[in-house]
Amino acid sequence: MELWFTSLDGTQRVPGYLIGPYGSWGDLQVTTRWGSGACGMYEASWSMPLPAGFAHPLLRRGTIVELMDGPYRVGSPLLLSEPGVGTGFDDPWTLTATGVGREVEGESAWYCDDGTGQTTTDLQVAVDSALANGLPWAGRDASVPSGAFGNTEYADDLRTIGALFTDYGNIVGKRWGVGGDNLVGFHSDPTSPTYHVTPGAVALGSADDDYATVVKVRYLDAATSTLKTAFAPASPSAVETRFGRREYPAPATKLGAINTSDAQNLADGILAKSKGRLAWTNSLSLTSNELLTAGGVPASLSKVVEDVGNGCMVRLHGLFDDLLEFTGNTYIDVVIGEAKWTDGASVIDLSPLGLAPRNLAAVVESITGIAAA
Amino acid sequence: MRLLYGDLDLTDYPYLIEFGTDTDAPQNVYETLALLLQDGEVALSSRASNRTLQFNVLIEGADLAELADAEAALILQSERPMNTITIDPGDFGAVGVYETFRGQVTLARDDNGEMARLRRYTVTVQALPFVRSATETVTAALLASGSTTTTLDTMGAATGWTGLADGAAASVVNDTGPPTTNSVSSPAALAAGVHTLTLQKAFAATTTSTKYLTVDWASASSGGSGYFFNRQPILTATGDGVALPPVSTIPIPGTAGYTRSIFKVAASSLAVTRFDASFDIGVRVGGTGPTLKLLIDNVSISDVKPSLGTTRQQQLTVAVDGSARTAGSLLIESTGTVGLGDVLAYTFPSTPETTTYSPALRQFRTAGNTVNSDAGAVSGSNEVIGLGVTLTIPHGQLPPGNYLLMGRMKSTTTTVSADLFGPVETTISVTTAYQVYALGRLILPGRDTPIGSAATQSLTITCNESAVVYDEFWLFNLDIGRLVWVDCLTGTSAPFSEGAGQRRVAIEPASVSTPRPTLRTGHATDDSDLFTPRGTTPGSVRIRGWQTPQFTPPVANLFVVTTNVGDAAVSLRHFARWHTNAAS
């Protein structure tokens with residue numbers, strides 16, 4: 001893959017080959033995600049050997065970075081963070097860029113605005129106002145609905161655009177992200193596998209962290225102005241019968257007054273996207289000989305990284321489904337939550353959706369909820 | 001042997017090279033992966049790391065002051081951040097050049113040596129892994145295209161043809177087909193291994209200007225069971241005992257299963273012409289080998305440069321000297337007065353899997369709408385995409401990997417936003433002028449099949465706007481090849497003019513002297529006005545895609561499109577690279 005840098009105002013677009021005396025970079029690691037919060041291109045990091053005292057107007061915070069495969073951009077653009085400047089050629093600069101979809105979530109992000117400075121729960125209005133203020137997206141696609149949902153009059157704090165998108169996504173059972181066309185949109189989880197893993201290549205451990213079989217949503221009913229609870233599923237699932245019942249609370253009073261059907265959809269959506277099954281304890285390290293297309297052709301890892309950001313299901317052959325006694329499947333279909341790949345490497349790391357946090361960074365992220373703030 | 005450090009001759013007074021020079025070797029970088037093998041690992045290696053040269057230099061002199069002066073001259077060379085060590089082995093051996101970095105020089109001080117006015121130094125210096133030849137090789141650009149084609153034999157009869165199967169005489173069979181062919185077959189039940197079928201005839205052809213020998217051929221296997229092909233068959237040609245370098249190999253539209261191989265005849269006449277088809281088969285236990293057959297449909301000589309559709313789209317092979325991979329400078333130029341237009345330069349290695357791979361897709365079109373002749377098209381035709389254009393590509397011509405689908409399209413009415421569906425889904429803005437688009441990536445072929453399979457890959461591209469027509473689609477395998485796309489505009493070519501056309505493109509790799517790749521366009525034939533194009537309006541970039549080309553000996557494949565100019569000259573300038581001893 002090649003790095004291209006564009007100034008924030010769009011007036012200069014320069015290939016990485018023309019930056020610095022060597023025009024080279026190394027250890028380009030790409031991460032894409034599909035899960036809670038912004039999906040798609042998550043992060044890219046690389047190093048660049050540059051002489052002592054080097055400076056370049058495009059190697060500063062705010063530059064748009066594109067990962068190109070020839071003339072084709074892989075995933076959405078990314079925004080460069082202020083680089084870690086090195087001291088010379090044997091101490092290269094370290095640079096990190098985050099996907100443009102993540103600009104609207106987390107602390108000090110972009111907050112919902114109706115163009116006059118007041119908050120809004122209308123997704124289209126919030127996006128258009130952010131675009132007018134310089135958000136580096138190309139726009140929104142047809143899946144972003146118009147009209148407000150929820151009631152800002154009773155909302156008690158400013159909410160980021162990302163949080164609004166996540167809430168709406170939970171109600172309709174979809175995930176949101178900025179895709180390769182640089183448009184934000186909502187997409188459903190894949191239901192059939194794109195890639196197949198050869199039997200014997202991987203093993204998946206399971207854990208019951210965050211295990212829950214019932215989601216209960218507490219909301220302010222718009223019709224009666226009383227607090228009510230919506231829950232999903234209506235009757236015990238096969239997982240509950242096998243592994244036991246646990247309940248998960250999802251307060252939705254922050255949305256203000258919402259109607260019953262939205263509250264029920266919210267409960268259904270949270271259950272479908274993140275609850276109702278055991279979690280996984282390990283990620284998968286695979287080569288292109290173990291990861292095949294449906295036709296048996298070895299996958300190209302650069303394409304796999306891109307596909308995970310757009311929602312990708314992988315069928316792991318030779319592993320018994322936890323619910324074997326209910327389904328009889330000798331394979332497990334997992335939606336991949338994260339792909340991490342170093343450009344040129346022959347191994348890719350795939351983490352299934354629902355990977356229980358086992359290292360410090362993942363635990364911190366799960367507690368602070370950075371992705372969902 | 002003579003050894004020069006920079007321009008300092010260390011084999012001439014006051015220097016002496018002691019015996020025991022260690023030229024080390026390129027250090028292959030391995031990655032070992034157990035994969036799914038029950039035992040052992042696959043050792044992958046895609047690059048080599050620097051070598052470390054070490055040699056001993058003796059300095060003699062009349063007094064210690066002279067010794068110090070000679071040491072200073074040596075250190076001036078070793079301290080250079082980049083330098084060369086040239087070794088001329090003598091005895092008709094070729095000169096080899098090591099590209100070196102800053103060297104470490106150590107004096108082994110010896111009191112007896114001081115008294116004898118003799119000092120001994122050990123020089124240790126890192127160098128690039130592969131030795132290069134002293135001079136660059138420039139492959140002669142293919143001749144400008146003419147229009148003369150002389151058919152040498154349409155295979156109406158077997159007259160004059162002799163056949164060999166693995167060197168033994170075999171009969172030549174004439175078949176009326178269609179197409180009419182002469183063929184030679186091997187005996188039945190061949191054993192596993194490499195087999196060669198030969199067809200030979202003596203022509204009396206004059207090739208002073210018609211340099212391209214074209215042969216349409218096919219191979220077939222019959223009988224046997226439990227056998228498989230280890231690689232695709234390879235056809236080579238010999239003219240009057242001289243091996244003819246291959247120029248191009250393309251499938252023939254309209255004659256399914258046949259390939260057109262084009263060879264260059266350097267001599268001015270051609271008499272005894274011999275075609276050898278080499279097969280490599282394996283036979284499983286309990287199986288029997290097949291009968292193999294080589295069929296030739298047509299032989300002609302021509303001065304028409306090989307092209308796909310028009311000469312704005314060329315597929316060429318270029319000989320790469322040396323035994324190791326090298327980075328070459330690719331020059332694409334036109335002698336006309338206008339810019340090259342959009343230039344697509346795709347380079348890919350020549351392996352048995354890629355012998356018949358051709359990125360241009362109109363040649364594989366099997367169904368669609370009305371095809372119209374179009375002088376502005378690189379394929380020579382345009383066609384509405386509409387409800388579907390179907391392309392059917394044999395698996396043997398689609399080496400597995402990640403492909404980028406690109407297309408050249410325009411609207412026949414007004415600018416429209418068009419949705420394309422099929423192998424990729426994308427939305428593009430199409431204007432009334434032809435533009436090139438990168439549409440999306442996909443892994444092909446859709447099914448894994450063994451070598452020699454008769455399977456085909458079918459792709460149907462549809463468009464929701466009936467005004468959109470396509471000139472050509474391309475599938476570039478970005479796993480095996482590298483693509484460059486630069487817009488050289490179409491106006492009158494002029495030096496240093498950003499908004500004019502540019503009629504030359506020079507693509508250069510990183511080298512030790514210019515340690516980053518360069519991509520420049522220009523006008524003058526002496527390369528004096530090359531510059532990196534930017535574009536006249538803010539944000540308009542003329543370099544659309546840039547992956548540095550790579551050339552692996554003995555032969556590299558080039559696919560070049562120049563949308564505004566026909567018959568562009570393509571040449572490759574490179575240093576041959578070798579392991580340790582240069583052979584030329």
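How many bridges join strand 40 of chain B to strand 41 of chain B? In this predicted model, five bridges link strand 41 to strand 40, which covers residues 504-508, and the two strands of chain B run antiparallel. Within this pair, Ala506(B) lies opposite Arg520(B), a residue of strand 41. Both strands belong to an open sheet of five strands in chain B, whose order is 11-44-27-40-41 and whose pairing is antiparallel. Because strand 11 (137-138) and strand 41 (518-522) of chain B each have a single partner strand, they stand at the edges of the sheet, and one side of each is left without a neighbour there.

The second topic is the contact between the chains. Chain B and chain A each give 37 residues to it, and together they bury about 2900 Å², of which 63% is on carbon and sulfur atoms. Of the area that chain B buries against chain A, 25% comes from Arg441(B), Ile443(B) and Trp546(B), more than from any other three residues.

Polar and charged groups also meet across this interface: the rule finds two salt bridges and nine residue pairs in polar contact, counted with both residues at pLDDT 80 or more. The side chain of Arg441(B) forms a salt bridge with that of Glu306(A), at 2.8 Å from N to O. On the side of chain B that touches chain A, the elements that give two or more residues include strand 33 (401-411) and strand 36 (435-444) of chain B, and strand 36 gives the most, with six residues. By class, this side of chain B has 21 nonpolar, eight polar and eight charged residues.

How values were computed:
Residues are numbered from 1 along each chain as its sequence is written. Chains are lettered from A and ligands numbered from 1 in the order in which they are written. This is a predicted model: local features need pLDDT of at least 70, side-chain atom pairs count only at pLDDT 80 or more; totals for chains, interfaces and linings use all residues. Side-chain values use heavy atoms; hydrogens and water are left out. Two strands pair if DSSP finds at least two bridges between them. Helices (H or I, at least four residues) and strands (E, at least two) are DSSP runs, numbered from the N terminus. Contact means heavy atoms within 4.5 Å. Buried area is the accessible area (1.4 Å probe) that two parts lose on being put together, summed over both. A salt bridge is a side-chain nitrogen of Lys or Arg within 4 Å of a carboxyl oxygen of Asp or Glu. A polar contact is a pair of N or O atoms within 3.5 Å; within protein, one must be able to donate a hydrogen and the other to accept it, and residues adjacent in sequence count only if both atoms are side-chain atoms. Ala, Val, Leu, Ile, Met, Phe, Trp, Tyr, Cys and Pro count as nonpolar, Asp, Glu, Lys and Arg as charged, and the others, Gly among them, as polar.
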